[in-house]
Amino acid sequence: MKITFDWLKDHLNTSLKEKFLIDQLTNIGLEVESVESLSADNKLFKVAKITKTKKHPNADRLKVCDVDVGEKDMKKVVCGAKNATTGLITIYAPPGAVIPKTKTKLVVAKIRGVTSYGMLCSESELNLSDEREGIVELPKSKYQKSVGKNYFQNNNPNSIDLSVTPNRPDCLGIRGIARDLAASGFGRLKNSKEKKIQSKIKHTLSVKITKEKGQGCSVFGSCLITNVKNTESPKWLKDKLISIGQKPISAIVDITNYVMLDINRPLHAYDADKIEKGIIVRNSKSGEQFTALDNKNYKMENGMCVISDSKGVLGLGGIIGGTRSSTELDTKNILLESAYFEPKSIRKTAKKLNLDTDAKFRFERGIDPLSIEDGLNKAALLIKEVCGGVISKIDVQRTEKFKAKTIKFDLNLFEKVTGLVISRNKILKILEDLGFKLKKEKRYLKLTIPSWRPDISQPIDIIEELARIHGYDQIKTIEPIKKRHKPTLNKTQKLFHFLQRAIASKGYVEAITWSFTDSKYNNLFKENKKEIKIINPLSSEIGVLRNSIFSNLIFYMRKNLNRDIKDLSLFEIGPIFSGSNPGEQETVIGGLRSGKISRLSWIEDDRIVDIFDVKKDIIQTLIEAGYDRSKIYIDDTTPNYYHPGKSGRIFINNEKDKIVGYFGEIHPNIIKKIEIKTESLVGFEIFVDNLKRPKKLLRDQKKVYQVSDFQKSERDFAFIIDRNFKSQELIEIISSVNPNLIRNVDIFDVYEGENIPVDKKSIAINVGIQSLDKPLNDEDLEKVNKLIIDTVEKETGAKIRS
Amino acid sequence: MSDLKKIRDEFLSKLRSKLDLSQVNQLKTELFGKDGLITKQFKKIGSISVSERKKYATELNKIKDELQNLIISKIGEIEISEVNEKLKKEKIDVSLPERSIIRGKIHPVSQTIDEISSIFSEIGFSVEEGPDVENEFNNFTALNTPDHHPARDMHDTFYLDEKKQKLLRTHTSPVQIRTMINNKPPFKIIAPGRTYRSDSDQTHAPMFHQVEGLHIDKEINMGHLKGCLNYFIKEFFEVDKIKMRFRPSHFPFTEPSAEVDIGYKIKDGKIVIGEGDQWLEILGCGMVHPNVLKNVRVDPAKYQGYAFGIGIDRLAMLKYGINDLRAFFDCDYRWLNHFGFDPLDVPTNYRGLSR
């Protein structure tokens with residue numbers, strides 16, 4: 001919403017400066033988005049006359065003009081406008097001037113080899129209108145003698161752009177803004193005693209609102225003005241419209257626009273001679289069509305509110321008029337409409353037809369239903385003044401009578417909610433200034449809500465009005481109390497944060513990617529999960545919710561590899577989805593590593609990252625998070641996006657209840673399919689929600705501290721065992737031979753090949769044996785040794801290697 | 001001169017000359033070997049008269065100790081100097097690079113969430129979360145958003161069904177609703193998380209992060225709201241003074257509503273928060289609308305309080321001088337390494353939010 005201080009002063013008596021106005025508008029909730037100066041350098045823009053034009057030597061479309069700007073020498077200006085002809089009076093901007101539209105500062109420039117001193121401007125460049133074709137053509141009769149003088153005579157006011165919140169339709173009119181300002185103490189609202197038409201002439205055109213279900217129009221006021229002569233608007237009106245960036249068109253259009261901008265009362269003018277047998281306001285029937293003023297043809301569905309005559313639809317009520325009945329410069333008789341359309345109906349129709357107009361914007365927010373006659377009076381009298389003619393009586397058709405809303409307001413509520421204390425008198429004054437009618441009862445105020453405030457319906461709305469107008473800056477800051485009633489994070493959240501940093505501390509860089517993804521990538525990782533489509537995605541590349549943490553991560557892995565970064569470790573912690581219902585999601589950590597370890601190292605041989613790197617990362621993280629390594633169980637059942645032979649599945653206890661993670665090489669087919677170029681790609685997933693949160697605190701989970709100072713003995717064993725036998729089980733078997741004596745079981749070699757049968761492997765193990773309560777002699781050790789060998793051979797079918 | 005004395009003097013002088021290890025060992029054998037001079041003298045003791053024996057033995061032991069100690073220290077000296085000689089040859093170029101380091105990083109958004117949680121923790125807020133997929137009721141209706149509100153449009157919200165019942169939450173405010181429906185007042189929570197809007201350009205991303213705050217109790221008024229946000233902003237930007245402006249605005253779920261601007265200036269191309277006369281909008285807030293309380297069965301006659309919503313990404317951008325929102329989610333390894341945080345840098349109250 002654009003306004004000027006000058007225009008505000010039509011409604012506001014104030015002696016305050018514009019600087020304060022800007023602050024005050026923002027303070028009362030009418031945020032100033034920008035202040036645009038139409039007149040900043042306006043003294044630089046001169047009325048000028050082209051005295052000679054010549055074709056540009058190097059460009060067919062350009063001309064070199066000699067321009068008289070009232071100085072001794074002619075200015076040489078290069079210009080591309082077709083209408084730049086000798087004798088034309090136009091507007092010249094010298095070097096140094098800032099073009100209002102583009103905000104660019106002119107400099108002396110060479111254009112295709114010819115130096116141009118300044119430029120000749122179009123209306124659009126000067127924000128005079130949207131006209132971009134050609135340069136300004138000033139009427140000779142008027143400007144002949146003004147060559148060399150400033151074009152902008154009076155200091156044009158600044159145009160102030162406000163962001164009006166959708167609950168405040170009343171502030172879509174200058175008067176509404178003035179009212180708010182006055183209530184806040186910024187001047188006094190002028191009385192608006194609009195002159196009345198006071199006509200005795202009959203309104204001869206019949207107007208009917210049909211009574212039907214879903215009728216979107218409840219009041220239709222109108223008057224006829226006959227024998228008008230539509231013309232150019234007077235200067236004051238044109239200036240006013242231009243000052244807020246509107247383009248003047250013709251007096252009748254400009255006047256209806258003016259009334260709309262001034263008091264937020266949209267009007268529509270019909271050429272009365274083009275209306276066949278009166279107006280009928282009714283619901284449309286499916287298939288009806290009309291050509292609107294935007295020159296587009298609209299096909300209607302059932303139940304849209306249309307203004308029609310006997311021939312058909314004339315316009316969409318409150319949204320847009322039609323070409324068939326539009327006013328032209330030669331229009332003689334007009335019908336002026338001032339109506340009330342239901343916001344809901346407007347919204348529905350405009351949405352279905354994908355139409356957005358100024359009138360629609362206002363009606364859907366709610367127009368003052370009591371402004372119908374004011375609007376007609378104001379506009380009709382102005383039309384008569386400018387275009388002549390005879391005004392008829394006003395005719396108002398209505399299907400409903402307006403009933404003002406009232407509320408009971410408890411004055412104490414204000415302080416309770418805002419913490420602000422203001423006097424009863426001040427409260428009364430603010431409300432009165434805002435247009436409320438008050439009736440004082442004991443503890444309550446009975447308030448009649450002004451007809452222009454559809455947003456107000458309950459006491460909290462009144463509190464907001466008072467706080468806003470009195471000023472939020474008056475509210476005293478209450479320091480927060482530093483007291484905690486509940487832990488900040490629960491166990492799950494603590495685990496989340498712990499794991500996030502634990503993974504990062506293993507060298508992974510955290511990424512945050514969209515929760516949605518490309519189904520192409522998602523399909524690679526979704527297995528048998530349900531695809532969850534977004535029905536209105538921004539693009540197909542982000543068309544589905546991710547079923548896996550890998551779908552985006554691998555995409556960005558690839559993107560980074562293509563940037564020629566080879567050794568990457570990326571991770572993300574976030575949601576993946578299993579269904580489209582709230583809650584059908586889980587938190588997952590995914591990590592991917594590519595390339596090599598110790599690439600280009602002078603001291604170590606490089607090697608590719610492998611599954612035991614990621615296995616270490618995930619296991620170490622779990623241990624750090626408090627899970628017991630000896631209980632972690634691993635098998636090799638994994639999803640199809642991992643290498644079937646080089647991937648594992650993790651459980652945090654031997655009971656294998658919930659899968660807490662996977663690790664392994666990414667399936668070579670996937671790497672091939674999405675064309676990832678790297679020596680190696682390995683990854684892991686941790687399903688955070690499947691990690692059991694121990695009930696006990698970590699300090700309570702720990703065993704009693706117990707160490708032994710007796711001699712520890714070490715024995716090495718080598719077993720020949722089935723190639724598929726899991727080393728994890730071998731360790732388990734040995735450890736449980738005598739948990740009191742066996743301190744560690746470490747595999748230090750695995751060998752297949754020469755001297756070992758094809759389906760076997762050799763595993764070399766170091767076992768540490770130590771007692772808590774006595775030194776062990778050879779005999780004791782020999783017993784343990786024998787037990788280990790016997791048990792392993794018996795339980796696994798392995799043979800000790802001699 | 002007795003034999004002993006002779007042996008002593010001879011060997012002492014030999015041992016004092018410059019010798020290598022083998023020469024010392026040679027002398028050691030000559031003295032203490034099987035047929036060594038000293039060994040022989042000990043063997044002689046038995047043949048010496050009883051009256052002489054004691055004196056002789058004392059003398060012999062004294063000389064033995066003297067020579068033995070000298071040999072030990074001589075050997076020690078030689079070994080040290082030999083090691084020193086050897087070490088001189090082992091000198092390496094210590095300026096060669098260390099073994100390769102890989103350093104992980106925490107994303108600036110995650111870091112900022114931790115900072116925010118840490119600040120609000122101090123003044124008694126706890127962290128709540130909710131699902132990314134929400135139903136229409138929690139995201140809009142319960143929050144007093146009218147049926148026709150533009151936010152419900154297809155071009156603002158991502159929907160998962162044609163009936164527009166399931167959607168990706170457009171703010172973290174539905175966590176308010178969930179918290180209030182499932183618990184009893186008072187409430188004092190923040191809810192950070194992912195949020196989604198059908199919007200994508202230089203300054204908007206289809207996914208972004210928000211932290212919602214809610215404080216409901218019997219006597220919580222706008223003064224508390226101001227105090228809370230003033231505290232937060234000051235702590236977050238780690239400045240002593242902050243210029244803040246509460247400006248009336250409109251949201252369906254709060255009333256009175258406000259937008260909060262903070263004062264800033266641009267100095268040497270960088271933004272300085274808390275000074276200057278430029279205003280920057282950073283959050284929306286207000287007193288929770290009585291309709292919202294009614295919708296979650298909290299009695300607005302008994303309870304009232306405030307709520308706020310802050311864009312986390314935007315806060316991170318301001319604090320850490322990041323100027324492109326899109327880069328947050330583009331996963332450029334170089335960007336993540338540049339703007340990311342060391343995992344050991346956990347924001348805490350006692351150690352400070354940032355280094």
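**Chain contacts and an open sheet in the predicted model**

B:Ser100 has 15 C-beta neighbours inside 10 Å and is therefore classed as partly exposed, since the count falls between the limits of 12 or fewer for exposed and 20 or more for buried residues. The model described here is predicted. B:Ser100 is located in the loop that connects helix H4 (50–89) with helix H5 of chain B. Residues up to four places away in sequence being excluded, B:Ser100 touches A:Ser598 and A:Ser601.

Between the two chains, 77 residues of chain A are in contact with 68 residues of chain B. On the side of chain B that touches chain A, two or more residues each are given by helices H5 (108–122), H8 (222–237) and H11 (333–339), and by strands E1 (126–127), E2 (133–135), E6 (244–251) and E7 (254–267) of chain B. Helix H8 of chain B provides the largest share of this side, with 8 residues. By residue class, the side of chain B that touches chain A comprises 31 nonpolar, 23 polar and 14 charged residues.

In chain A, 5 strands form an open sheet of mixed pairing, in the order E13-E16-E19-E20-E21. Strands E13 (207–209) and E21 (320–321) of chain A stand at the edges; each has a single partner strand, so one side of each is left without a neighbour in the sheet. Strand E19 (residues 305–309) and strand E20 (residues 312–316) of chain A run antiparallel and are joined by 4 bridges. A:Val306 has A:Leu316 as its bridge partner in E20 of chain A.

Methods
Residues are numbered from 1 along each chain as its sequence is written. Chains are lettered from A and ligands numbered from 1 in the order in which they are written. This is a predicted model: local features need pLDDT of at least 70, side-chain atom pairs count only at pLDDT 80 or more; totals for chains, interfaces and linings use all residues. Two strands pair if DSSP finds at least two bridges between them. Two residues are in contact if their C-beta atoms, placed from the backbone, lie within 7 Å. Ala, Val, Leu, Ile, Met, Phe, Trp, Tyr, Cys and Pro count as nonpolar, Asp, Glu, Lys and Arg as charged, and the others, Gly among them, as polar.
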